[in-house]
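Dear colleague,

I am passing on to you the structure shown below, together with an account of what was found in it. Please keep the structure open while you read.

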Amino acid sequence: MSTRTTDLAALWLAIAEAGGIDNYVQNQLVEHGFLVERRETDTMSKAELKRYKAQLKREAAERRELRKAAWAAYRETHIVHLGDGVYYNDAATMDRWDLDEPEARAAANELPRLDGPDDLAKELGITVAQLRWLAVHRDAATRIHYTRFTIPKRDGSERAIWAPLPRLKAAQRWILRNVVEHLPVHGAAHGFLAGRSVVTNAAAHVGSKLIVNIDLKDFFPTITWRRARGMFRKAGYREQVATLLAMICTEAPREVVEWEGQSYFVALGPRCLPQGAPTSPAITNTICLRLDRRLSGLARRFGYTYTRYADDLTFSLPLAHTGEPRVGALIGAVGHIVRAEGFQVHPSKTRVQHTGRRQQVTGLVVNGREQPRVPRSLKRQLRAAVYNLRRGRPLPAGERFERLIGYAAWIHQAEPELGSELLAALGGLNPTA
């Protein structure tokens with residue numbers, strides 16, 4: 001902590017002990033002899049009046065300096081403001097949306113006690129002013145705490161990733177480890193959880209008569225900072241801390257605009273979970289707890305098995321099921337629940353896969369009684385790529401070496417031996433190295 005920060009923190013402590021800024025300023029004026037006793041000026045001589053006005057002017061100047069220093073101390077030790085459209089109150093009062101006994105809920109969830117910004121800043125190893133800097137929202141900013149890049153999707157399109165810069169990433173990791181990972185998650189969730197993966201998700205649907213895949217549209221952007229704040233409130237934190245946690249974990253989708261030689265990152269919508277922040281996947285699992293409960297109940301009622309991997313919902317009907325599959329009724333009921341929980345079904349990504357044809361769940365083949373396995377076509381594709389790279393041939397148009405590495409790492413989850421073989425082969429073949 002810098003000397004200036006320490007001095008301002010000590011100054012605010014003195015102000016608080018004095019009973020506030022006004023009392024502190026008044027006391028300082030008296031103590032240092034700047035406070036002028038007010039008198040009638042009608043009977044003063046010109047010389048006396050001149051001296052009196054000079055004294056008042058000196059008092060006014062000193063009052064301004066004292067208030068300026070007090071405001072600097074206040075800003076150093078308080079959040080003050082988090083940007084347009086973000087309600088924040090430095091007064092630690094009970095908000096009507098807070099739980100009746102939030103501390104008890106936080107203790108039940110084994111969360112660290114965070115009674116205000118001071119506590120959160122201390123846990124993060126930063127000052128309150130730095131905490132505000134990480135959390136504040138600006139509709140048009142010259143600097144943000146993220147860097148943008150893209151990664152290829154399996155369908156060949158690009159996915160935008162907003163990766164947090166080191167200081168913000170460190171704060172998000174603390175929140176992930178100490179808060180979000182302690183919150184309840186439904187057993188049907190398989191994404192971004194220790195001991196679970198695309199393989200465990202697909203394994204729940206091996207040997208099914210019928211599989212229904214339903215995707216959620218704009219999954220991460222749908223979870224705004226207000227929804228994240230609600231999650232932190234339910235976890236056991238009051239309005240102040242819940243707002244700060246939510247702001248740290250979210251960012252607005254942005255577009256870079258050039259204006260008069262300056263680049264601006266312009267917000268295109270509300271702050272939401274960015275793909276790339278370490279907190280985002282775990283927050284989605286917690287926020288989807290009620291969605292997963294409702295869809296699991298629906299699946300049982302229809303005789304199906306339900307799992308979710310991120311935005312990918314899967315329902316499967318066991319081979320032993322003898323009744324009608326009622327696929328249309330299931331899909332309609334799922335859509336109703338999804339909308340009620342604040343999400344939206346992707347209209348073009350609902351698939352029904354019958355037995356007798358290849359069935360896939362999160363990219364893995366689940367036909368028969370075998371364990372989930374990688375499609376043969378992908379294995380052939382990667383083996384062919386390794387073969388061609390070894391012979392100095394270029395990659396096909398539109399293909400990227402990074403995507404091949406990603407495919408090999410994905411294969412490693414389902415078929416570790418083959419995945420290790422492909423990763424080792426690709427490791428010494430990078431054509432751009």
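Predicted model: local features only at pLDDT ≥ 70, side-chain atom pairs only at ≥ 80, totals over all residues.

**Two helices at an angle**

Helices H10 and H11 pack with their axes 8 Å apart, at an angle of about 135°. H10 and H11 are therefore oblique to each other. The crossing in which H10 passes H11 is right-handed. On the H10 side, the contact is made by Trp-225, Ala-228, Arg-229, Phe-232 and Arg-233. On the H11 side, Glu-239, Ala-242, Thr-243, Leu-245, Ala-246 and Met-247 take part.

Glu-103 belongs to helix H4 (residues 102-108), while Arg-238 is in the loop between H10 (225-235) and H11 (239-248), so the pair ties together parts that are 135 residues apart in sequence.

**The sheet of three strands**

Strands of a sheet pair through backbone hydrogen bonds, and the pairing is either parallel or antiparallel. In this model, an open sheet of three strands has the order S1-S6-S5, and its pairing is antiparallel. S1 (140-141) and S5 are the edge strands, each of which pairs on one side only. Strand S5 (residues 254-259) and strand S6 (residues 262-267) are joined over six bridges in the antiparallel sense. To find this pairing in the viewer, you may look for Arg-254, which stands opposite Ala-267 in S6. S5 and S6 form a hairpin with two residues between the strands, and there Glu-260 takes a positive phi near 50°.

**The sheet of four strands**

A further open sheet is formed by four strands in the order S7-S8-S4-S9, again with antiparallel pairing. Which strands stand at the edges? They are S7 (305-309) and S9 (351-354); each has a single partner strand, so one side of each is left without a neighbour in the sheet. From one strand to the next, the twist averages 15°. Within this sheet, strand S4 (residues 208-215) and strand S8 (residues 312-318) pair over seven bridges in the antiparallel sense. Leu-210, for example, has Leu-317 in S8 as its bridge partner.

Helix H13 lies across S7 and S8, and runs at about 150° to S7. H13 (residues 289-302) also meets helix H14 (residues 327-340): their axes come within 10 Å and cross at roughly 165°. That angle makes H13 roughly antiparallel to H14, because angles over 145 degrees are counted in this way. H13 passes H14 in a right-handed crossing.

From H13, the residues in this contact are Leu-291, Arg-294, Leu-295, Leu-298 and Phe-302. From H14, they are Ala-329, Leu-330, Ala-333, Val-334, Ile-337, Val-338 and Ala-340. The contact of H13 with H14 comprises 11 nonpolar residues, no polar ones and one charged residue.

Yours sincerely,

A colleague

Terms used. Residues numbered from 1 in each chain as written. Heavy atoms only, no water. Axes fitted to C-alpha atoms, helices over the stretch in contact; angles between N-to-C directions. Parallel < 35°, antiparallel > 145°, perpendicular 65-115°, else oblique. Left-handed = near helix turned anticlockwise from the far one by under 90°. Contact = heavy atoms within 4.5 Å. Nonpolar A, V, L, I, M, F, W, Y, C, P; charged D, E, K, R; others polar. Pairing = 2+ DSSP bridges.
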